[in-house]
Amino acid sequence: MEPAPAAHDAAATGGDYQSTADGSGDDGGLNRRDREILAFERQWWKYAGAKEQAIRELFDMSATRYYQVLNGLIDTPEALAADPMLVKRLRRLRASRQRQRSARRLGIEV
């Protein structure tokens with residue numbers, strides 16, 4: 001099966017996608033898709049256009065589903081072991097957005 005053109009282009013242009021031929025890996029228990037999602041989050045800004053479009057092209061899923069998968073992924077110890085700085089940054093951003101949403105609902109300025 002031929003890889004998606006966008007994923008191939010990302011790897012050819014120096015993207016840090018890590019994969020093995022069979023899709024399995026010894027990267028702390030993460031599967032290929034999880035490793036690719038973490039790599040994408042590390043360098044998504046390199047893509048021209050909207051992040052949502054790149055998500056659809058690379059992962060063949062909606063942005064909503066991608067963020068559901070990402071949020072589950074960053075809660076795993078395997079993801080933390082694979083890329084601690086990225087996972088901690090994403091967790092901080094998520095917590096900050098949750099605090100802002102809660103404050104807005106309560107009418108509190110943050």
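The legends below describe close-up views of a predicted model.

Local features are given where pLDDT is at least 70, side-chain atom pairs count only at pLDDT 80 or more, and totals for chains, interfaces and linings use all residues. Residues are numbered from 1 along each chain as its sequence is written, and side-chain values use heavy atoms, with hydrogens and water left out.

**Figure 1. Overview of the chain, with six helices and zero strands.** Along the sequence the elements follow the pattern α-α-α-α-α-α. Helices (H or I, at least four residues) and strands (E, at least two) are DSSP runs, numbered from the N terminus. Of the 110 residues in the chain, 32% are buried; buried means under 20% relative accessible area, exposed over 50%, and partly exposed in between, with a 1.4 Å probe and protein chains only. Among contacts with a separation of 6 or more, 42% join residues 24 or more positions apart, a contact being heavy atoms within 4.5 Å.

**Figure 2. Helix α4, residues 63-74, and its buried residues.** The helix has 12 residues and spans 16 Å from its first C-alpha to its last, close to the 16 Å expected at 1.5 Å a residue. The expected span is 1.5 Å times one less than the number of residues. A63, Y66, V69, L70, L73 and I74 are the buried residues of α4. They lie on the same side of α4 because they cover an arc of only 125° around the axis, the arc being that of the directions from the helix axis to the C-beta atoms. The elements that cover these residues include α2 (32-43), α3 (51-59), α5 (77-82) and α6 (84-106).

**Figure 3. Packing of α2 against α4.** The two helices pack at an angle of about 100°, with their axes 11 Å apart. Axes are lines fitted to C-alpha atoms, for helices over the stretch in contact, and angles run from 0 to 180 degrees between N-to-C directions. Helices α2 and α4 are therefore roughly perpendicular to each other; angles under 35 degrees count as roughly parallel, over 145 as roughly antiparallel, 65 to 115 as roughly perpendicular and the rest as oblique. R33, D34, I37, L38, F40 and E41 of α2 meet Y66, V69, L70 and L73 of α4. By class, this contact has seven nonpolar, no polar and three charged residues. Ala, Val, Leu, Ile, Met, Phe, Trp, Tyr, Cys and Pro count as nonpolar, Asp, Glu, Lys and Arg as charged, and the others, Gly among them, as polar.

**Figure 4. Packing of α2 against α6.** Here the angle is about 75° and the axes are 11 Å apart, which makes α2 roughly perpendicular to α6. On α2 the contact involves L38, E41 and R42, and on α6 it involves L86, V87, R89 and L90. Four nonpolar, no polar and three charged residues take part.

Figure 5. L86 counts as buried, at 5% relative accessibility. Apart from neighbours within four places in sequence, L86 is in contact with L38, E41 and R42. The C-alpha atoms of L86 and R42 are 6.9 Å apart, while the two residues are 44 residues apart in sequence.

Figure 6. L30 is buried, with a relative accessible area of 4%. Not counting residues up to four places away in sequence, L30 touches R35, L38, L73, E78, A79 and A82. L30 and T76 are 46 residues apart in sequence and 9.5 Å apart in space, C-alpha to C-alpha.
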